[in-house]
Amino acid sequence: MIKITLPDGAVKELPKGSTAMDVALSISEGLARNVISAKVNDKTVEVTTPITTDANVTLHTFNDADGKKAFWHSSAHILAQALEKLYPGIKLTIGPAIENGFYYDVDSGEHTIREEDFKKIEDKFLELAREKADFKLREVSKADALAKYKEEGNEYKVELIENLNDGEITFCDHSDFTDLCRGGHIPNTGIVKAIKVMNVAGAYWRADQEKAQLVRVYGISFPKQKMLTEYLELLEQAKQRDHRKLGKELELFTFSEKVGQGLPLWLPKGAMLRERLEAFLKKAQVQAGYLPVVTPHIGHKDLYVTSGHYEKYGADSFQPILTPHEGEEFLLKPMNCPHHCEIFKSSPKSYKDLPVRYAEFGTVYRYEQSGELHGLTRVRGFTQDDAHLFCRPDQVEDEFRKVIDIVFHVLNSLGFEDYTAQISLRDKEDRSKYIGSEENWEKAEQAIINAVEGKIENTVIEYGEAAFYGPKLDFMVKDALGRSWQLGTIQVDYNLPERFELEYKGSDNEMHRPVMIHRAPFGSLERFVAVLIEHCAGNFPLWLTPDQVAILPISEKYNENAQNILNSLNNYDIRGFVDDRNEKVGRKIRDAEVKKVPYMLIIGEKEVETNSLSVRKHGEGDLGTFTDKEFADIINKEIENNFNN
RNA sequence: GCCGAUGUAGCUCAGAGGUAGAGCACUUCCUUGGUAAGGAAGAGGUCACGGGUUCAAUUCCCGUCAUUGGCUCCA
């Protein structure tokens with residue numbers, strides 16, 4: 001007998017060689033019906049794997065993350081099987097489970113897999129799933145494994161196996177299909193009842209642009225058809241929040257082919273919203289001791305040669321601007337730091353002057369790859385809410401922490417609770433991507449780790465995500481479709497001060513090198529607004545929204561009264577517009593609701609006679625009658641609440 | 001940049017080898033209405049751009065540009 005310890009601490013005694021399924025059966029039949037995967041001593045296994053020693057066992061159903069993973073990973077096997085049958089001769093590579101579903105990368109050879117083939121693939125998948133074939137894991141020697149794939153001519157699998165050790169190689173069989181696989185499957189294919197091929201895309205072998213391009217087929221599967229339908233509905237709803245759609249509908253921004261790819265045009269409502277965001281941050285920065293600076297949109301090429309940016313990005317950037325003067329070259333500003341370094345140098349600094357904090361809403365231009373452009377989240381011209389802090393080494397940690405406070409202030413005031421703080425460090429293997437000494441990097445990375453310590457929970461460390469001149473703390477937020485975007489960023493930099501030979505005089509009367517902190521709480525106004533739109537589905541906080549009030553006269557007779565009311569509300573700093581169209585009030589209400597205007601005031605005979613306001617709230621309906629003053633209080637209270645969350 | 005998809009009126013979209021259609025928006029008129037779409041008439045398109053095939057192309061083919069789902073990249 002062996003002792004099986006369950007997550008709740010309960011211990012079961014079962015015969016040696018029992019499986020996770022036996023454990024489930026010993027608990028309840030219902031559980032046994034739903035259990036699809038298990039973890040034995042932290043290793044994901046099949047529910048049919050015999051357990052030979054005392055062990056901690058966790059049972060997984062589709063409702064938990066590990067269960068989904070096993071389910072989708074197994075689905076990837078079935079997908080691969082279906083693809084092999086439909087496209088003979090394709091070569092399989094890898095097929096993992098992902099956050100929502102799974103994919104399989106194949107070298108499709110002569111075949112092209114198109115959207116119109118999806119139905120065919122789904123049908124074949126379901127046909128194979130219905131065979132209820134068991135997933136069976138078996139150990140294979142390295143020699144045998146290599147032999148199989150060499151015979152098939154599958155260089156990808158050969159490469160994978162060559163990097164594995166003999167004795168740890170397993171194949172998974174189901175029906176007539178076999179794949180190299182580490183394990184972690186559901187019992188049989190029949191559990192998968194619904195599948196949707198989501199899309200096909202190109203993907204590079206081993207994520208390397210230089211290597212072969214494979215075809216990646218994305219899919220998602222479920223144990224019930226109804227779950228698939230619900231998932232697709234959810235996706236449809238998420239699309240309604242897309243900032244590109246809402247940005248157009250709410251008249252915030254647009255693009256023009258004539259102006260150029262990735263160069264957003266801010267419309268009046270969008271520009272006003274943006275100005276409010278800027279004012280909000282400027283206020284916080286004044287309080288935090290930042291000093292405003294303004295720098296030009298171009299700079300001498302030498303400036304970027306000095307900073308190292310030219311060497312790193314010069315070839316892939318907007319190319320230099322020439323002048324009538326032979327040999328003179330300017331670059332469109334791709335970042336503000338070099339300019340700010342020169343401002344620091346413009347006068348001698350004492351240790352008493354530090355930290356110096358230069359802030360600028362600086363518009364920069366980067367020639368992003370055309371395939372990368374995406375609405376407002378990835379553009380070629382954008383405005384950073386940039387600042388550079390020049391401080392003494394002993395001030396770095398404290399300054400860094402203060403910057404974190406500003407980032408929190410921004411995220412909290414705008415209702416972002418669901419963000420990830422990512423510490424972006426150097427690539428452990430490839431140090432050639434970075435400039436600067438080992439010692440400085442070590443110091444910079446440690447400074448971030450120390451500053452974050454005890455200040456932010458749930459941070460993740462990502463190696464290889466640092467900037468080329470220093471490590472970063474990035475604040476990541478997801479968009480409506482679950483794609484992750486970097487918003488705020490804070491970076492510690494020992495390198496640019498060296499390249500620009502920045503100095504201050506210390507208390508010891510010697511010259512010392514300051515440390516630089518780059519930071520942008522929004523990241524860029526463009527991306528921030530994009531993510532904010534998706535976050536609030538276009539229902540902006542009241543202080544930020546373009547129009548707070550729509551004033552809706554019942555008939556044209558009251559247009560003038562409505563205009564007077566708007567004027568008096570302006571005196572309370574409330575902004576809005578009068579809908580003086582020749583339409584019924586029902587129509588005006590509908591249009592204001594669609595435009596997501598937070599408050600509507602209906603003005604007719606009654607209101608004019610009693611000098612009152614009938615207030616309707618977006619999404620809620622009629623609130624009743626108020627005086628100007630009372631209404632202004634409602635608005636102001638709501639705005640106050642926006643900042644006190 | 002790479003692989004796939006898309007491009008028809010201001011917007012959302014339908015359409016067919018014989019030079020285009022709907023709804024909304026817009027203009028004018030009627031209506032002056034009380035909490036999510038009042039009625040009528042009108043105007044609006046080089047069917048992204050450039051080539052090719054064809055008696056004939058917006059439709060089929062090729063290229064370019066843009067958008068888009070991914071990959072790669074992101075100072």
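Student: What is the volume of the largest cavity?
Tutor: The model is predicted, and the whole structure was searched for cavities of 30 Å³ or more. That search finds 1 cavity. The volume of the largest cavity is about 40 Å³.

Student: Which element gives the largest share of the lining of the largest cavity?
Tutor: The lining consists of Ala 288, Tyr 290, Arg 357, Leu 389, Glu 399, Lys 402, Val 403 and Ile 406. By class, 5 of these residues are nonpolar, none is polar and 3 are charged. Helix H13 covers residues 396-413. The largest share of the lining, 4 residues, comes from H13.

Student: Which residues are in contact with Leu 414, leaving aside its neighbours within four places in sequence?
Tutor: Leu 414 is among the residues with the most contacts inside the largest core. With the sequence neighbours within four places set aside, its contacts are Leu 277, Phe 522, Phe 528, Leu 532, His 535, Pro 541, Trp 543 and Leu 544.

Student: How many residues does the second, separate core have?
Tutor: Phe 62, Ala 76, Tyr 104 and Ile 121 are included in the second core. The size of this separate core is 39 residues.

Student: How far apart in space are Thr 363 and His 77?
Tutor: Thr 363 is placed in strand S20, residues 356-365. Not counting residues up to four places away in sequence, Thr 363 touches His 297, Lys 333, Phe 382 and Thr 383. His 77 is 286 residues from Thr 363 in sequence. From C-alpha to C-alpha, the two residues are separated in space by 48 Å.

Student: Is the peptide bond from Leu 354 to Pro 355 cis or trans?
Tutor: Most peptide bonds are trans. Pro 355 lies in the loop between helix H12 (337-345) and S20. For the bond from Leu 354 to Pro 355, omega is near 0°, and the bond is cis.

Student: Is Asn 41 partly exposed or buried?
Tutor: Asn 41 lies in the loop between strand S3 (37-40) and strand S4 (43-45). Its phi is near 45°, a positive value in a residue other than glycine. The relative accessible area of Asn 41 is 40%. Because buried requires under 20% and exposed over 50%, Asn 41 counts as partly exposed.

Student: Does Asn 611 count as buried or exposed?
Tutor: Asn 611 is placed in the loop between helix H19 (605-610) and strand S32 (613-617). Although Asn 611 is not a glycine, it has a positive phi of about 55°. Its relative accessibility is 63%. Because the cut-off for this class is over 50%, Asn 611 counts as exposed.

Technical notes
Residues numbered from 1 in each chain as written. Chains lettered and ligands numbered in written order. Predicted model: local features only at pLDDT ≥ 70, side-chain atom pairs only at ≥ 80, totals over all residues. Heavy atoms only, no water. Core = buried A, V, L, I, M, F, W, Y, C linked by side-chain atoms within 4.5 Å. Buried < 20%, exposed > 50% of the residue type's maximum accessible area, 1.4 Å probe, protein only. Helix = DSSP H or I, 4+ residues; strand = E, 2+ residues; numbered from the N terminus. Contact = heavy atoms within 4.5 Å. 1 Å grid on protein atoms, 1.4 Å probe; cavity = no way out; pocket = protein on both sides within 12 Å on 5 of 7 lines; lining within 4 Å. Points joined across faces, edges and corners; volume = space filled by probe spheres on them. Nonpolar A, V, L, I, M, F, W, Y, C, P; charged D, E, K, R; others polar.
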